[in-house]
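Today I am going through the rings and then the strands around them.

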Amino acid sequence: MKMYLQNSKLLMILFISLTMIMSCSKDDDSGNTDPVTLDGVPTGEIVARNLSNETLTGFSSSNRNEGSQKWWTHITSDFNYVDCGDDQDFSVEDLGYYAFYPDGTMHSKSSIDGTPNYLQEWEWTDSNLTAIYVRGDTSVAFTVTYLNDDNAVYGANQSLSGPCSIISYEQLGDPHYVD
């Protein structure tokens, strides 16, 4: 029970941090078409677009009767400040297991045999399936930089104020399938 409470506290710290970061970020309506720079974010093989949804969720569509739910092992959530003065980079590791349900909800659990708990909403940003929105927030697109049968990484570079920005990403791996 103590381990569950510690993981819950870490998860809560992570989501409070992300909420604060997102509430401080500004919208970029400048029409800037420069590619997003995600220095330090792991990259790797990305499956073909027609396999992206199935690779992330374990299902090829929203019909949950056609496969097993894919549960990703949380590896790290990383936050790197750029040109922000005294702000300190930090990361949070081993927060349990995450699942992207095909219905657009995301769930977590502290052990692979644990009970799933609703975490947040998620969705693909568009039909290209190259980025996702999480927490139901459609103002920050997290670019998928790694997605295959064994790895999922998505990250974003968000402006905070002045020249200050934060590059954040989440890395998941070692998937398990649960019926």
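This is a predicted model: local features need pLDDT of at least 70, side-chain atom pairs count only at pLDDT 80 or more; totals for chains, interfaces and linings use all residues.

Started with a charge and a ring: the charged end of K109 sits over the ring of W71, 4.1 Å from its centre.

Next, ring against ring. How many aromatic pairs does the count come to? I get six. One of them is W122 with W124, an edge-to-face pair at 5.8 Å centre to centre and 80 degrees between the planes. I looked up the burial of both. W122 has 6% relative accessibility, so it counts as buried. W124 comes out at 13%, and since the cut-off for buried is under 20%, W124 is buried too.

Then F142 and Y154. Why is this pair edge-to-face? The planes stand at 90 degrees, with the ring centres 6.1 Å apart, so the pair gets that label. The two residues are twelve apart in the chain, with F142 in strand β7 (residues 142–147) and Y154 in strand β8 (residues 151–161). Both F142 and Y154 are buried.

Put together, F100, W122, W124, F142 and Y154 make up one aromatic cluster.

Last, I followed β7 itself. Is this strand mostly covered or mostly open? Mostly covered, as five of its six residues are buried. On one side I find strand β6 (residues 131–134), antiparallel to β7 and joined to it by two bridges; I132 stands opposite F142 there. β7 also pairs with β8, again antiparallel, over four bridges, and T143 stands opposite G155 in β8. The link from β7 to β8 is a hairpin through three residues.

Methods:
Residues are numbered from 1 along each chain as its sequence is written. Side-chain values use heavy atoms; hydrogens and water are left out. Rings of Phe, Tyr and Trp (its six-membered ring) pair if their centres lie within 6.5 Å; planes under 30 degrees apart count as stacked, over 60 as edge-to-face and the rest as tilted. Buried means under 20% relative accessible area, exposed over 50%, partly exposed in between (1.4 Å probe, protein chains only). A charge sits over a ring if NZ of Lys or CZ of Arg is within 6 Å of the ring centre and within 35 degrees of the ring normal. Two strands pair if DSSP finds at least two bridges between them.
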